[in-house]
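User: I would like to learn how to read a fold from its coordinates. Please take me through this one, feature by feature.

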Amino acid sequence: MIKETAKQIEERFSQIGFNIPISEIESRLDKLVNEFKVPPEEARRSVVNYFLKEYNIPRGDFYIQQGEVPTIKVSDITTEGKWINISAKVVQLWDNTHESIDQVGLIGDETGTIKFNKWAKAELPPLEEGKSYQFKNVVTDSYQERFQINFNRTSQIEEIQEDIEIGTQEVEFSGVMVDIQAGSGLIKRCTECNRALIKGVCGEHGKVEGTYDLRIKAVIDDGVSVQDALINREVTEQLTGITLDDAKQMATKELDQEVVLIKIKEGLLGKYYSIKGPRLDRYILVEQISPIPPMEADKVDALLTQLEA
Ligand SMILES: [Zn+2]
């Protein structure tokens, strides 16, 4: 039984180009099953996971789908390791932090949103924020107790005309804007992958020209907890009265991008705001932000002082 399983595992790894000594697989299986009394199926999964991690192999490359791949919605994703088809809109692309990943961010449909990973090795077309796609042959996964979807080499991505509506739970948060973080203000994004550039350099594509964007990464404090907020260009323009064009002009005039951030900080820091939008991990993606009148803010302050007393 163990020998058989070990052979299957060894063969599958070999098919995708990794030669793992069968003795190593066998001894791990043996230990789990015979010493730790782990059920065989679980032992198998655990051993496979071990080598996937050890050799940095995307799960989707190892597990091949069986039978027809179901087309499902975001809210139907309740297990990892399932092959699915899904139509979704790219809600947001995040700053990439790992070289094995080509693009990372959030996609969603009317039932909710979910994180995605597009592996660099998958060689798939670049995704753009705000566009809707049909994703075929993608794999569900979980990371730190949250579900996500991985796009691998066998996945297909096709842009669709339909504008998928995102259904997410909106939350509200009110407090003082206590910080505006680095990477706010006038920024540049890579023209290829949309990542924010750091000093003109894309984590994936190196030194590139890039295109300008405007955003604010704010921290809001309600006296009890702090909340990170991401404010996109549209909302930033409304809030600050500085359009992307204004910002570019300011930066050109002063020969410094930082002037925009300084101006934004002057205008917003220390003021009370109420924000509204979908929550995403530690962020609220701000769709609406409105200043709280100082009178009301004073009342909140007084209330807080009373509570503390
Ligand atoms: Zn790039």
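User: At what angle do the axes of H6 and H7 cross?

Analyst: This is a predicted model, where local features need pLDDT of at least 70, side-chain atom pairs count only at pLDDT 80 or more, and totals for chains, interfaces and linings use all residues. Residues are numbered from 1 along each chain as its sequence is written, and side-chain values use heavy atoms, with hydrogens and water left out. Helices (H or I, at least four residues) and strands (E, at least two) are DSSP runs, numbered from the N terminus. Axes are lines fitted to C-alpha atoms, for helices over the stretch in contact, and angles run from 0 to 180 degrees between N-to-C directions. Here the axes of H6 and H7 cross at roughly 120 degrees and come within 8 Å. That makes H6 oblique to H7; angles under 35 degrees count as roughly parallel, over 145 as roughly antiparallel, 65 to 115 as roughly perpendicular and the rest as oblique.

User: Which residues of H6 and H7 make the contact?

Analyst: Contact means heavy atoms within 4.5 Å. H6 contributes Ala247, Met250, Ala251 and Glu254, and H7 contributes Val259, Val260 and Lys263.

User: Which residues of H7 are buried?

Analyst: Buried means under 20% relative accessible area, exposed over 50%, partly exposed in between (1.4 Å probe, protein chains only). An α-helix has 3.6 residues a turn, so residues three or four places apart point the same way. In H7 (residues 258-268), the buried ones are Val259, Val260, Leu261, Ile264 and Leu268. They pack against strands E7 (170-180), E8 (185-189), E11 and E13 (272-280), and against helices H5 (233-240) and H6 (244-254). Gly270 follows H7 and has a positive phi, near 85 degrees.

User: Next, strands. How do E11 and E12 pair?

Analyst: Two strands pair if DSSP finds at least two bridges between them. E11 (residues 211-221) and E12 are antiparallel, over six bridges. They form a hairpin with four residues between them, and Gly223 in the turn has a positive phi of about 95 degrees. E12 and E14 run parallel, joined by four bridges. Follow Ala229: Ala218 has Ala229 as its bridge partner in E12, and Ala229 has Ile284 as its partner in E14. E12 (residues 226-231) is mostly covered, with five of its six residues buried.

User: How many residues has the largest nonpolar core?

Analyst: A nonpolar core is a set of buried Ala, Val, Leu, Ile, Met, Phe, Trp, Tyr and Cys residues joined through side-chain atoms within 4.5 Å. The largest has 29 residues; Ile86, Ile107, Leu127, Phe135, Ile149 and Phe151 have the most contacts inside it. Strands E1 (83-93), E2 (101-109), E3 (112-119), E4 (132-143), E5 (146-151) and E14 (283-286) each supply at least two of its residues. E1 gives the largest share, five residues. Domain 2 (74-160) and domain 3 (170-308) both contribute, so this core lies between them. Apart from it lies another core, of 27 residues, including Val171, Ala218, Ile231 and Leu268.

User: Where does domain 1 come in?

Analyst: Domain bounds come from an automatic or database domain assignment. Domain 1 covers 2-57. The centres of domain 1 and domain 2, taken over C-alpha atoms, are 27 Å apart.

User: Is Ile57 buried or exposed?

Analyst: Ile57 counts as buried, at 6% relative accessibility. Ile57 sits in the loop between H3 (40-54) and H4 (59-62). Leaving aside neighbours within four places in sequence, Ile57 is in contact with Phe13, Ile16, Phe18, Phe51 and Leu52.
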